[in-house]
Amino acid sequence: MSERTTEKSGRAQAGVFRRVNRDVLATLEKPGVGWAAMMAVVLMVLALGVVAEIYMLKTGIGVTGLEPPVMWAVLITNFVFWVGIAHSGTLISAILFLFRAQFRTAVYRISETMTVFAVMTAGLFPLIHLGRVWYFYYLVPYPNQRLLWPNFRSPLVWDFFAISTYFTISSVFLYVGLIPDIAVARDRARTRFRRRLYGALSLGWQGTDTQWRHYNRAYLYLAGLATPLVLSVHSVVSWDFAMAIVPGWHSTIFAPYFVAGAIFSGVAMVITLVLPLRKAFRLEDYIDEYHLDRLAKLLLLTSSIVFYAYLVEIWTAWYSGSEFERAVFWDRLFGQYAWAGWIMYSCNCLIPLSLWFKRVRTSWFWMFIISIFVNIGMWFERFVIIVQSLAHEFEPYQWDYYKPTWVEMAITAGAFAWFLMWFLLFIKFLPSMAIAELKELLPPKLRRQKKELEAA
Amino acid sequence: MSAEVMERGVRGAFYTLEDAAHAVEILEEKGFAQDDLTIFSPIPTAEIEDRLDRPRSPVRYMTLTGGILGCITGFVLTYWTFFAWPLHVGGKPVSSFPVTVVIMFELTVLLGGLFSLAAVFIFSRIPALTVKPGYHPRFSEDLFGVFVHTSEEEGKRSARDILDGLGALEVRDEAQ
């Protein structure tokens, strides 16, 4: 290559790099009316959830619809749903990193933040469900005067370890990934407040070869550690159910079934969040049909696994010859909870079948709609597994029909608002795309632009 | 700060990482020590590591230490608990190994991850309160920098000549 061509190519690269900085940092500009309006709505809904929680704390857990035999219901449904949502973040950032899947670069920061905020949301529910929140420290193993220690045979204690590890490692992974990008924001900050904020958060990062060398290694090991963690966390959550003898729960396929479901719901949530973000911040050149198609294929794959698991579950119930197992699944399909069961089957199995068509996979409108349906379907999957199984246990005289009260509904809505509040704050204060990695692996449209600049 | 303790050197900027890495190779050939050369890069490319023949990052040992420590902690915590507060149920043994595996695994990942984070901090020398000499905000944007740490006039002149000769965009003396 001649010197002239090299210089031209270098100039073109620098031009594209500047553009990446400009476009991604534009998301940190002063928020507009749309952002403020969304935040106002989110805060109002959150306030409603807080009021419901305070009312429950003051009155007692009787204000929920919980009564024997359904002692786990919407609150635990929310817990499992949000832990599931948290899954695709680390899948996209860690597992796809190890597989060198290039499409992850544009969306992994958003999914990582989603992971951290979803775990923060999920973590609230075991505490809320306790009723007497102030006793939650009983779960923590520490030397105490009562000489009590946790019962390590209980899956709930495993869950405490799994979720807190997942939250810690996801946060570390997110922060380590953010350091070089915060340094970019620091170098371009216009206000004193931002300069100080990013200056402190970037920890004096300068991108020297020594720093990158250790950073790249640590990032690789973190990805390696996070990969089995992703698979373990939802397996452990599934054992909260599978270790019990309740018909509909006591199954060995629960771990892979829950992990696939978690990734399925998580990818759907990534799509739900990424599409409006792309539109609002004009990131069309960074997230295009190529990324959408890849995410859609991931959604289709996990939907197929979930579909298969549903069929296996029904088949196993029939093949087991157990009257109780058969009764639970008959009830799920045709009984009092059939409405919830069919919402779950339609949203998670039938609607995603449309993703076999490329036209659907690359349509922004249809992908957004499908992702919403999947979110609804996966919430109902958790509801059906938890509530319907408990409501239809062994003895017919125990069977019952659970109805959530306004308190549980308000807390559920409040949880969505809590999650969105953090997300809205994040996109205005920290880079929602991985600037340094985007420069390394330019998205297809920017690669084309670089070539055009070189030719010019 | 007095002039004596100021760290000085020569900084050159390049459009591409290849050019910056090439400059470092030439500088090393001309007798500059590896420790006196720093590359600033806006991208996390592994090429830096491949081109520069630097020692392998010791982060791996920290991660391994954290993982092993976590695994042992998980084992000790659960087994100690089994016997410190024995729960006798249906004549079954008070200890249960499969249960221990879950806690051992989680703590392996937890401490392995935290030790890796600590390793980045320790080996990359962050948090840093002062900016290293030679840094320029454009090194986080679109340019790659090479900084030669040298306070002798002769060294500086030689570094300037080499960087100029390699077509660096801007060559200047730096002091902090």
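Predicted model: local features only at pLDDT ≥ 70, side-chain atom pairs only at ≥ 80, totals over all residues.
Me: Which residue of β3(B) is the bridge partner of Gly9(B)?
Reply: Look for strand β1 of chain B, residues 8–14, which pairs with β3(B) in the antiparallel sense over six bridges. Within β3(B), the residue that bridges to Gly9(B) is His149(B).

Me: And which residue of β3(B) does Leu37(B) stand opposite?
Reply: Here the neighbour is strand β2 of chain B, residues 37–40. Four bridges join β2(B) to β3(B), and the two run antiparallel. Opposite Leu37(B) you will find Val148(B).

Me: Which element gives the most to the side of chain B that touches chain A?
Reply: In this contact, 55 residues of chain B meet 52 residues of chain A. The elements of chain B that give two or more residues to it are β2, α2, α3 and α4. With 15 residues, the one that gives the most is α4(B).

Me: How many nonpolar residues are on that side of chain B?
Reply: Sort the residues of chain B that touch chain A by class. Seven are charged and 14 are polar, while the nonpolar ones number 34.

Me: Why does Ala244(A) count as partly exposed?
Reply: Ala244(A) sits in the loop between α8 and α9 of chain A. Leaving out residues up to four places away in sequence, Ala244(A) touches Trp249(A) and His250(A). A residue needs 20 or more C-beta neighbours within 10 Å to be buried, and 12 or fewer to be exposed. Ala244(A) is partly exposed because its number of such neighbours is 13.

Me: How far apart in space are Ala244(A) and Ile351(A), C-alpha to C-alpha?
Reply: Along the sequence, these two are 107 residues apart. In space, from C-alpha to C-alpha, the distance is 32 Å.

Me: What is the orientation of α5(A) and α9(A) to each other?
Reply: The two helices pack with their axes 10 Å apart, at an angle of about 120 degrees. Their crossing is right-handed. An angle from 65 to 115 degrees would be roughly perpendicular, and one over 145 roughly antiparallel. The angle of α5(A) and α9(A) therefore makes them oblique.

Me: Which residues of α5(A) make the contact with α9(A)?
Reply: On the α9(A) side are Met269(A), Val270(A), Leu273(A), Val274(A) and Leu277(A). The residues of this contact comprise eight nonpolar, one polar and no charged. From α5(A) come Val107(A), Ile110(A), Ser111(A) and Met114(A).

Methods
Residues numbered from 1 in each chain as written. Chains lettered and ligands numbered in written order. Pairing = 2+ DSSP bridges. Contact = placed C-beta atoms within 7 Å. Nonpolar A, V, L, I, M, F, W, Y, C, P; charged D, E, K, R; others polar. Axes fitted to C-alpha atoms, helices over the stretch in contact; angles between N-to-C directions. Parallel < 35°, antiparallel > 145°, perpendicular 65-115°, else oblique. Left-handed = near helix turned anticlockwise from the far one by under 90°.
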